[in-house]
Amino acid sequence: MDSISAHIATSTQPATTDNRLQILDATIKRYQYQQDTLIEVLHKAQELFGYLENNILLYIAQSLKLPPSQVYGVATFYHLFSFTPPAKHTCVVCTGTACYFQGTQAILANLEKYAHIHAGETTSNGEFSLFTARCIGTCGIAPVVVFDDTVLGSDTPENICDRIITQLEQS
Ligand code: FES
């Protein structure tokens with residue numbers, strides 16, 4: 001095992017129970033170590049690990065025989081890649097036109113105040129991330145908020161906000 005593999009194995013879970021690195025290896029192998037599959041490999045890594053740690057980026061660079069600066073450059077160029085661990089709960093407030101007129105700005109403001117963060121941020125304890133989206137395609141039930149895997153809508157901004165805060169406080 002090389003030093004990066006050893007570092008990853010010791011910095012996450014024991015290699016015997018964490019086979020994510022092997023799955024990533026299998027993906028890279030399936031792509032025949034082609035350097036132009038970097039984005040697909042980064043995607044797989046994020047799917048497996050939840051976000052792109054430094055040591056994972058270095059591991060991918062080494063596996064694809066690419067300069068680390070190039071791997072970092074590509075990963076940071078695309079907004080879909082994340083470099084911090086995902087929060088326990090994620091909330092996406094729709095700020096599209098239909099939702100705006102149904103009061104999602106008030107929901108957003110209340111959640112920002114409640115969690116002491118701004119949209120796009122995660123609380124320091126890693127419990128809650130708050131995001132906005134332009135239109136998530138369910139305007140008919142505006143105001144729309146996606147809390148974890150649940151789409152909330154067809155309700156007042158106050159009720160939606162209360163449901164989210166209640167769930168956060170119960171978890
Ligand atoms: S504007 Fe919010 S779902 Fe379309």
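## Close-up views of a predicted model

**View 1. Where helices α7 and α8 meet.** In this predicted model, Thr104, Ala106, Ile107, Asn110, Leu111 and Tyr114 of α7 are in contact with Pro157, Ile160, Cys161, Ile164 and Ile165 of α8. Sorted by class, the residues of this contact are 9 nonpolar and 2 polar, with no charged ones. Helix α7 covers residues 104-115, and its axis comes within 9 Å of that of α8, with a crossing of roughly 30 degrees. Angles under 35 degrees count as roughly parallel, so α7 and α8 are roughly parallel to each other. The crossing of this pair is right-handed.

**View 2. The whole protein, for orientation.** The protein has 8 helices and 4 strands. Of the 171 residues in the protein, 21% count as buried. Take the contacts between residues at least 6 apart in sequence: 57% of these join residues at least 24 apart.

**View 3. The open sheet.** Here the 4 strands come together in an open sheet, in the order β2-β1-β3-β4 and with mixed pairing. Which strands are the edge strands? They are β2 (128-133) and β4 (150-152), each of which pairs on one side only. From one strand to the next, the twist averages 20 degrees. Helix α8, made of residues 157-170, packs on this sheet and touches β1 (89-94), β2, β3 and β4. The direction of α8 makes about 10 degrees with that of β3.

**View 4. Strand β1 and its two partners.** Look now at β1, which pairs with β2 in the parallel sense, over 6 bridges. With β3, strand β1 pairs in the antiparallel sense, over 3 bridges. Here you can look for Val92, which has Val146 in β3 as its bridge partner.

View 5. Strand β3 (residues 145-147) and strand β4 run antiparallel and are joined by 3 bridges. What stands opposite Val146 in β4? It is Val151. Val146 is a handy landmark, as it is also the bridge partner of Val92.

**View 6. Helices α4 and α5 crossing.** Helix α4 spans residues 54-63 and helix α5 spans residues 68-77; their axes come within 9 Å and cross at roughly 120 degrees. That angle is why α4 is described as oblique to α5. The crossing of α4 and α5 is right-handed. On the α4 side, the residues in contact are Leu57, Leu58, Ile60 and Ala61, and they meet Pro68, Val71, Tyr72 and Ala75 of α5. How many residues of this contact are nonpolar, polar and charged? The contact of α4 with α5 has 8 nonpolar residues, no polar ones and no charged ones.

Conventions. Residues numbered from 1 in each chain as written. Predicted model: local features only at pLDDT ≥ 70, side-chain atom pairs only at ≥ 80, totals over all residues. Axes fitted to C-alpha atoms, helices over the stretch in contact; angles between N-to-C directions. Helix = DSSP H or I, 4+ residues; strand = E, 2+ residues; numbered from the N terminus. Parallel < 35°, antiparallel > 145°, perpendicular 65-115°, else oblique. Left-handed = near helix turned anticlockwise from the far one by under 90°. Contact = placed C-beta atoms within 7 Å. Nonpolar A, V, L, I, M, F, W, Y, C, P; charged D, E, K, R; others polar. Buried ≥ 20, exposed ≤ 12 C-beta atoms within 10 Å, placed from the backbone. Pairing = 2+ DSSP bridges.
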